[in-house]
Amino acid sequence: MEMVQNDVSPSSQMSQVRRFIERDETSRQSTGRINILRVHNAQHSGWSSFWADPFHSVIHHSTIKIIAFFCASYLFTHLVFSLIYYMIDASCQLQIESLLDAMYLSLEVGTTIGWGLPGSPYMKAADSKGGCMSGIFIIYLHTLVMQIQNAIMIGLMFCRLSRGTSRAASLIFTDKAVIREIGGKFFFMFQVCEQRKHQLVEAKIRCYALSTTVGGQTINGA
């Protein structure tokens with residue numbers, strides 16, 4: 001019987017193995033993704049878990065999705081307040097002629113650019129001694145909502161850009177390891193290197209062993 005051996009390189013074999021922690025970066029660093037299939041049930045749905053901790057639920061999405069989310073949220077906020085300004089136009093003498101004018105006013109108030117009203121800057125008629133009380137409340141609410149949105153966006157973007165998985169992109173380690181006996185004890189040894197010019201100080205490394213046990217015997221380990 002003739003034995004035929006396939007010519008398969010070790011690198012191609014490693015790429016075909018389904019890893020628990022993905023290592024698909026340029027130098028086979030970890031991407032931070034874990035190959036776990038999450039199955040939702042009626043008691044623990046995805047939305048209930050999301051609203052339990054919305055900050056960390058949003059921050060684990062991609063940066064593009066977070067930016068798109070804030071673009072949509074800012075647009076929605078300005079659209080809502082532009083409709084409100086359009087509704088109080090008659091009582092506050094804003095002299096808004098269209099929804100586009102109301103949208104411009106919403107952008108000016110929300111971004112604190114300045115006033116561009118053709119009417120009175122204090123939202124009152126020229127022959128009126130009093131002002132528009134509803135306008136004060138709406139402008140206060142509008143600026144408050146925009147301040148909260150700005151604070152949330154800055155916090156999310158800072159945490160997203162300074163996350164540890166991005167910092168680990170320049171850390172590489174050997175694909176092969178050795179087991180060495182020192183003083184009657186066996187040690188699992190491999191090398192870790194920082195590719196940047198500035199080396200890490202007081203770095204700590206954790207190693208995890210994954211194994212499958214059937215009938216008290218380990219049949220697979222990694």
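**Exercise 1. Getting an overview**

Task: How many helices and strands does the secondary structure of the chain come to, and what pattern do they follow along the sequence?

Solution: The chain's secondary structure comes to eight helices and six strands. Here helices (H or I, at least four residues) and strands (E, at least two) are DSSP runs, numbered from the N terminus. Reading along the sequence gives the pattern α-α-α-α-α-α-α-α-β-β-β-β-β-β.

Before going on, note that this is a predicted model: local features need pLDDT of at least 70, side-chain atom pairs count only at pLDDT 80 or more, and totals for chains, interfaces and linings use all residues. Residues are numbered from 1 along each chain as its sequence is written, and side-chain values use heavy atoms, with hydrogens and water left out.

**Exercise 2. Cover and contacts in the whole chain**

Solution: Start with the term: buried means under 20% relative accessible area, exposed over 50%, and partly exposed in between (1.4 Å probe, protein chains only). Of the 222 residues in the chain, 18% are buried.

Next, the surface. The chain exposes about 17,700 Å², and carbon and sulfur atoms supply 61% of this area. Accessible areas come from the Shrake-Rupley method with a 1.4 Å probe; for residues, only the protein chains shown count as cover.

Finally, contacts, which means heavy atoms within 4.5 Å. Among the contacts in the chain with a separation of 6 or more, 48% are between residues 24 or more positions apart.

**Exercise 3. A pair of strands**

Task: Which way do strands β2 and β3 run, and how many bridges join them?

Solution: Strand β2 covers residues 178-182, and five bridges join it to β3, the two running antiparallel. Two strands pair if DSSP finds at least two bridges between them. Within this pair, Glu181 stands opposite Phe186 in β3.

Now look at the turn. The hairpin of β2 and β3 has two residues between the strands, and Gly183 takes a positive phi near 60° there.

**Exercise 4. Two aromatic rings**

Task: Why is the pair of Phe69 and Phe70 edge-to-face?

Solution: A pair of aromatic rings is described by the distance of the centres and the angle of the planes. Rings of Phe, Tyr and Trp (its six-membered ring) pair if their centres lie within 6.5 Å; planes under 30 degrees apart count as stacked, over 60 as edge-to-face and the rest as tilted. By this rule there are two aromatic pairs. In the pair of Phe69 and Phe70, the ring centres are 5.4 Å apart and the planes are at 75°, so this pair is edge-to-face.

Then compare the cover of each residue. Phe69 has a relative accessible area of 44%, so Phe69 is partly exposed. Phe70 has 6%, so Phe70 is buried.

**Exercise 5. Buried or exposed?**

Task: Are Ser82, Tyr140 and His61 buried, partly exposed or exposed?

Solution: Take the residues one by one.

- Ser82 is found in helix α4 (residues 63-87). Its relative accessibility is 4%, so Ser82 counts as buried. Not counting residues up to four places away in sequence, Ser82 touches Ala102, Met103 and Ser106.
- Tyr140 lies in helix α7 (residues 133-161). With a relative accessible area of 55%, Tyr140 is exposed. Its C-alpha atom is separated by 9.7 Å from that of Val109, which is 31 residues apart from Tyr140 along the chain.
- His61 has its place in the loop between α3 (54-59) and α4. At 37% relative accessibility, His61 counts as partly exposed. Leaving aside neighbours within four places in sequence, His61 is in contact with Ile66 and Arg160. His61 and Arg160 are 99 residues apart in sequence, yet 8.9 Å apart in space, C-alpha to C-alpha.
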